[in-house]
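Good morning, and thank you for making time for this presentation. I would ask you to keep the sequence and the structure in view while I speak.

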Amino acid sequence: MIRQEEVYKIGKLGKAHGVKGEISFLFDDNVFDRSDADYLVIDIDGILVPFFIEEYRFKTDDNALMKFEGIDTQERARELTGCEVYFPREMAEGDDEQLSWAAIVGFELIDINSGKTAGRIASVDDSTINILFELEDGKLIPASEELIANVDTKKRQISINLPEGILEL
């Protein structure tokens, strides 16, 4: 059984496309293309299920038409509409140079000045030019590359040079 901590969200399935089982895939991270993945994990009613990729083609920079094995009709593809799509962390670990913001959700943030854990990343707000880590306790930490000292994908930790007093805000 696939556990939530073994995967991270990369997108969502949209509408069925055509009559042969293709479905629109709106993604935030194209790691499935960079890593040449065999499958993606889809959340179906709270259960994480692997779906093997038969083929796909890009429509835009953040939308692809996806064809999964065993999904051969428009009706079957329609059943997947709205489902969230996840990617296995272990398949993305060799991709440190291209690590996406979505991939670091759940990582521990370690202050290099004190050596203490600042918290666990609940989400990343990249809607503005100033990207922020939102910690599980609601605190917002700047995600500036100048502040990040090290990313350890195996330990799921980010060492960061936190500005003095930022955790007290």
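Let me begin with a definition: helices (H or I, at least four residues) and strands (E, at least two) are DSSP runs, numbered from the N terminus. This is a predicted model, in which local features need pLDDT of at least 70 and side-chain atom pairs count only at pLDDT 80 or more, while totals for chains, interfaces and linings use all residues. Residues are numbered from 1 along each chain as its sequence is written, and side-chain values use heavy atoms, with hydrogens and water left out.

I turn to the chain as a whole. Its secondary structure comprises three helices and 12 strands. Along the principal axes, the C-alpha atoms fill a box of roughly 60 × 30 × 30 Å. Of the 169 residues, 38% are buried; here buried means under 20% relative accessible area, exposed over 50%, and partly exposed in between, with a 1.4 Å probe and protein chains only. Contact means heavy atoms within 4.5 Å. Among contacts with a separation of 6 or more, 55% are between residues 24 or more positions apart. As to charge, there are 18 positive and 36 negative side chains, and the centres of the two sets lie 5 Å apart. In that count, Lys and Arg are positive and Asp and Glu negative, with His and the chain ends not counted; each charge is placed at NZ of Lys, CZ of Arg, CG of Asp or CD of Glu.

Next, the interior. A nonpolar core is a set of buried Ala, Val, Leu, Ile, Met, Phe, Trp, Tyr and Cys residues joined through side-chain atoms within 4.5 Å. The largest such core has 24 residues, and those touching the most other members are Ile-10, Leu-13, Phe-25, Phe-32, Leu-40, Phe-68 and Phe-87. At least two residues of this core come from each of β1 (7–17), β2, α1 (31–34), β3 (39–44), β4 (47–60), β5 (63–68) and β6 (84–88). A second, separate core holds 15 residues, including Leu-109, Val-124, Leu-147 and Leu-162. Returning to Phe-68, its contacts beyond four places in sequence include Leu-13, Leu-40 and Phe-51.

Ser-24 lies in strand β2, residues 22–27. Is Ser-24 buried or exposed? Ser-24 counts as buried because its relative accessible area is 12%. Its side chain makes a polar contact of 3.0 Å with that of Asn-63. A polar contact is a pair of N or O atoms within 3.5 Å; within protein, one must be able to donate a hydrogen and the other to accept it, and residues adjacent in sequence count only if both atoms are side-chain atoms. Beyond four places in sequence, Ser-24 also has contacts that include Lys-12, Gly-14 and Leu-65.

His-17 belongs to strand β1 and is partly exposed at 33% relative accessible area. His-17 and Ala-77 are 60 residues apart in sequence, yet 8.2 Å apart in space, C-alpha to C-alpha.

Finally, the backbone. Most residues other than glycine have a negative phi. Asp-45, in the loop between β3 and β4, has a positive phi of about 50°, and is exposed at 76% relative accessible area. Arg-156 has a positive phi of about 60°. Where is Arg-156 found? Arg-156 sits in the loop between β11 (148–152) and β12 (157–160), and at 23% relative accessibility it counts as partly exposed.
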